[in-house]
Amino acid sequence: VDEMTLDADTLTATDTFTIDAATAITLDSDSGVIDFDDNGVNIGRIENSSSDFKFESRVQDKDIVFVGNDGGVGVTALTLDMSEAGTATFNRKIIVSAADGVADNDFVAEFTNLEATDSRSYGVSIKAGSTGTDIALNVINRAADTVLMRLHGNGATTIGNTLTLADGNLVVASGHGIDFSAGGTSGAEN
């Protein structure tokens, strides 16, 4: 073929190389590895790793980026930052559904910070919007018609029903109080 040469195990095209099949195209590697190179430099790999389907960015500190088309506009949906140990940045919402739909004690989401020790008590950080009155965290019921708890950007907290302390104490900073006016009485402790 005029624009292609075959040298041992290497097929080289001098122009765009198109594979066009009437049905499925199968890539079958007995090693379980398919590499993506750019001018001889290995930039990515798809691998069968003990039957796990593994995607790998092979260049140091280079990201894995998922891009799509939203109404004719290119959108970077997800970026995995390899220079930050795989920190994931989503362009918009994350929707998490129950795994099996069975009424059990499974968590929909769980956050674990391995650096949360006695001297480094960092947990989950949630940023509010552009002003202090924006909602930082909103917890609603299943029917989505009742706010169970709301944390505002200015630090105010709204509890939709009863606040129960299973253990410990409710501590109010000096100079501040507790307002019971909604119940008909008011009082403060410093």
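## Close-up views of a predicted model

A search of the whole structure finds 1 aromatic pair. The model is predicted, so local features need pLDDT of at least 70 and side-chain atom pairs count only at pLDDT 80 or more, while totals for chains, interfaces and linings use all residues. Residues are numbered from 1 along each chain as its sequence is written, and side-chain values use heavy atoms, with hydrogens and water left out.

**View 1. The aromatic pair is formed by Phe-53 and Phe-55.** The ring centres of Phe-53 and Phe-55 lie 5.0 Å apart and the ring planes meet at 80 degrees, so the pair is edge-to-face. Rings of Phe, Tyr and Trp (its six-membered ring) pair if their centres lie within 6.5 Å; planes under 30 degrees apart count as stacked, over 60 as edge-to-face and the rest as tilted. Phe-53 is exposed, at 62% relative accessible area, and Phe-55 is exposed as well, at 55%. Here buried means under 20% relative accessible area, exposed over 50%, and partly exposed in between (1.4 Å probe, protein chains only).

**View 2. Strands β3 and β4 form a hairpin.** Strand β3 (residues 33-38) pairs with strand β4 (residues 41-49) in the antiparallel sense over 6 bridges. Strands (E, at least two residues) are DSSP runs, numbered from the N terminus, and two strands pair if DSSP finds at least two bridges between them. Phe-36 has Gly-44 in β4 as its bridge partner. There are 2 residues between the strands, and Asn-39 in the turn has a positive phi of about 55 degrees.

**View 3. Strands β6, β7 and β8 make an open sheet.** The order of the 3 strands is β6-β7-β8, and the pairing is antiparallel. β6 (64-70) and β8 (87-90) stand at the edges with a single partner strand each, so one side of each is left without a neighbour in the sheet. From one strand to the next, the twist averages 20 degrees; axes are lines fitted to C-alpha atoms, and angles run from 0 to 180 degrees between N-to-C directions. Strand β7 (residues 73-81) is joined to β8 by 4 bridges, and Leu-80 stands opposite Ala-88 in β8.

**View 4. Asp-61 and Ala-85 have positive phi values.** Asp-61, although not a glycine, has a phi of about 65 degrees; this residue lies in the loop between β5 (52-57) and β6. Asp-61 is partly exposed, at 44% relative accessibility. Ala-85, also not a glycine, has a phi of about 60 degrees and is found in the loop between β7 and β8. At 78% relative accessibility, Ala-85 is exposed.

**View 5. The largest pocket has a volume of about 280 Å³.** On a 1 Å grid over the protein atoms alone, a pocket is an open set of points where a 1.4 Å probe fits, with protein on both sides within 12 Å along at least five of seven lines; lining residues have an atom within 4 Å of a point. The lining includes Phe-90, Arg-92, Lys-93 and Phe-111.

**View 6. The second largest pocket has a volume of about 220 Å³.** Among the residues that line this pocket are Phe-36, Gly-44, Phe-55 and Ile-64. β4, β5 and β6 are the elements that give two or more residues to the lining, and β4 gives the most, with 4 residues.

Methods:
Grid points are joined across faces, edges and corners, and a volume is the space filled by probe spheres set on the points.
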